[in-house]
Amino acid sequence: MKTLQELEAIRQKTLDRISMRKEDKEVAVRIVIGMATCGIAAGARPVMATFMEEIERRHLHSVNLTQTGCIGMCRLEPIVDVFTPDGGKVTYVNVTPEKVRMIVADHVVNGHPVSEYTIGAVDAQA
Amino acid sequence: MRDWSLHLLDLMENSLRAASTRVELSLALSQDGALDIILRDDGFGMDRDFASLATDPFTTTRTTRKVGLGLSLAQHNAELTGGYLELLSEPGCGTRVHICILTSHIDCLPLGDLAQTMASLILLNHDKTDFTLDMSSPMGSEHFSTKVIKEVLGDEVALNEPEVITYIKDLLSEQSQTVFGGILL
């Protein structure tokens with residue numbers, strides 16, 4: 001059973017980490033997921049959950065997850081935008097939990113966009 | 001949508017777009033298998049004319065396309081089971097959606113992963129909105145509120161810390177297992 005004591009322990013651990021985090025100025029990567037009806041129907045929720053798991057597993061505390069609505073390309077949902085601190089933006093389409101693991105490992109952590117999952121590559125095939 | 005938890009995620013996204021500060025969801029399963037889902041928010045609300053058209057798939061406030069499918073798909077899936085979807089709204093007072101579904105019907109969608117729905121919403125909207133979830137069935141009842149979590153965490157630790165979101169997801173999974181068991185999942 002989950003208890004409030006357990007939550008209190010998480011609070012303590014996080015506080016310790018926050019005080020450490022202030023010292024090393026990490027730059028943030030922003031990940032934006034389309035969560036309108038079309039996105040949700042196409043599987044945006046497990047995509048979001050997988051990003052969350054990967055962030056926790058790899059301790060990527062400088063990564064910021066946010067959502068957006070429908071941008072009018074429903075057939076390509078789930079759509080994920082990755083904004084890097086250097087000003088770069090990459091749009092991934094038809095994203096699945098498996099693709100999320102690749103995107104986090106290659107792009108978010110190592111800085112190399114996964115070109116075969118980007119909107120440019122998928123649109124060229126269509 | 002594949003299950004009700006995805007419909008509910010979609011409908012709660014509507015509440016958030018209406019700038020709600022409070023989103024309250026309750027699910028009550030009765031002995032005869034009827035599931036009453038009530039979603040209440042304190043967002044902008046809609047006037048009577050728009051509310052009466054809101055379940056029409058060709059009604060939307062969005063400008064990127066001409067269709068709005070969230071409510072109409074949910075209504076369709078409720079009616080497939082012999083249930084209904086009822087919408088009450090008042091400008092400035094928020095909106096209440098009541099979905100009644102008969103879980104014994106063969107066309108009833110599964111409930112799905114309600115914990116993941118709530119965790120995603122809280123992760124993305126913890127700073128603006130408080131969420132509550134009440135579940136009840138003949139097997140028991142459970143209450144969840146982000147306010148309680150916030151009280152324990154204090155001001156320094158945000159609700160969207162990965163460990164906290166995982167805690168919330170696990171807590172809600174346990175709660176829905178206790179209340180609904182394997183019947184709806």
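A: We begin with terms: two strands pair if DSSP finds at least two bridges between them, where strands (E, at least two residues) and helices (H or I, at least four) are DSSP runs numbered from the N terminus. This is a predicted model, in which local features need pLDDT of at least 70, side-chain atom pairs count only at pLDDT 80 or more, and totals for chains, interfaces and linings use all residues. Residues are numbered from 1 along each chain as its sequence is written, while chains are lettered from A and ligands numbered from 1 in the order in which they are written.

Q: What is the bridge partner of A:V32 in β3(A)?

A: Strands of a sheet pair through backbone hydrogen bonds, either parallel or antiparallel. Here A:V32 has A:D81 as its bridge partner, and β1 (residues 29-34) and β3 (residues 80-83) of chain A pair in the antiparallel sense over four bridges.

Q: In which order do the four strands of the open sheet in chain A lie?

A: The order is β2-β1-β3-β4 in chain A, with mixed pairing. Because β2 (63-68) and β4 (89-92) of chain A stand at the edges with a single partner strand each, one side of each is left without a neighbour in the sheet.

Q: Where is a cis peptide bond found, and which residue has a phi near 50°?

A: Most residues other than glycine have a negative phi, and most peptide bonds are trans. A cis bond, with omega about -10°, joins A:E77 and A:P78, and A:P78 lies in the loop between β2 and β3 of chain A. A:N94, in the loop between β4 and α4 (97-109) of chain A, has a positive phi near 50°.
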